[in-house]
Each structure stands twice: as C-alpha cells, then as structure tokens.
Amino acid sequence: MLELNHGFRIVDAHAQLEPDERAVAAHGRDISPERLEREMHQSGIVRCLVSAGPREGPVDYLRANNAVARLSVDRPFFAVARLNGPRDPKGTQV
C-alpha cells in the first residue's frame, strides 16, 4: 500500500454513493458505504469525496444529498452536495 510503504496519502476526489435502493437495482450501482470503505482501505485511499448520483429534479437532489451526508458520518467520506445534473450547451438540461 502506498500509504504504508511511501507515506503517500491518497484522496479519491470523485465517488458516487447511492442512498436509494431502487436506483441501485435499476442502474446496477451496488456500492454500499461499507463496501466503498473496505475498497478504499484495500487500495490505500484515506479519504473520499462522495456525492449522490444523477437525479431528475432539485427536490430529488436535496433528499439524496441529505442521505449521502448521513451515510458519511463516522466514515472517511467527505459528503459533497450535488446541485444539478449535466447541462446541454444549448441551455436545456439533459
């Protein structure tokens, strides 16, 4: 592990944590907070920025952001709020 052998501290700056079980089943995202933390440890990653996956509207983001923040308590995660989805260059949301 890089941290143990060389003193490197690795931070994963982009991970998605899916709090909604229906979305996990629909999109095949089966990463749980426990699994993500275990894989981080095995890879030598000491911190991870996590956010919710894409959502349909602003209300959905609020719920998902709050859920991700709750799942991040007492774990090596930094919860990052997701405000909106990707935007089309023409100005319409994708």
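Author: Arg75 counts as partly exposed, because its relative accessibility is 22%; buried means under 20% relative accessible area, exposed over 50%, and partly exposed in between (1.4 Å probe, protein chains only). The model is predicted, so local features need pLDDT of at least 70 and side-chain atom pairs count only at pLDDT 80 or more, while totals for chains, interfaces and linings use all residues. Residues are numbered from 1 along each chain as its sequence is written, and side-chain values use heavy atoms, with hydrogens and water left out.

The side chain of Arg75 meets that of Glu34 in a salt bridge, at 2.8 Å from N to O. The term denotes a side-chain nitrogen of Lys or Arg within 4 Å of a carboxyl oxygen of Asp or Glu. This pair links distant parts of the chain, 41 residues apart: Glu34 belongs to helix H3, and Arg75 to the loop between helix H4 (58–71) and S3. Helices (H or I, at least four residues) and strands (E, at least two) are DSSP runs, numbered from the N terminus. Glu34 is partly exposed at 45% relative accessibility.

Arg75 also forms a salt bridge with Glu37, where the closest N and O atoms are 3.5 Å apart. Glu37 lies in helix H3 and Arg75 in the loop between H4 and S3, so this pair ties together parts that are 38 residues apart in sequence. Through shared partners, salt bridges join Glu34, Glu37 and Arg75 into one network. Glu37 is partly exposed, at 30% relative accessibility.

A search of the whole structure finds three salt bridges. One of them joins the side chains of Arg35 and Glu39, again at 2.8 Å from N to O. Both residues lie in helix H3, four residues apart, about one turn of the helix.

Helix H3 (residues 33–43) lies across S2 and S3 and runs at about 145 degrees to S2. Contact here means heavy atoms within 4.5 Å; axes are lines fitted to C-alpha atoms, for helices over the stretch in contact, and angles run from 0 to 180 degrees between N-to-C directions. The sheet itself is open, with three strands in the order S1-S2-S3 and parallel pairing; two strands pair if DSSP finds at least two bridges between them. Strands S1 (10–16) and S3 (77–79) stand at the edges, each with a single partner strand, so one side of each is left without a neighbour in the sheet. Three bridges join S2 (residues 45–51) to S3, and Val50 has Ala79 in S3 as its bridge partner.
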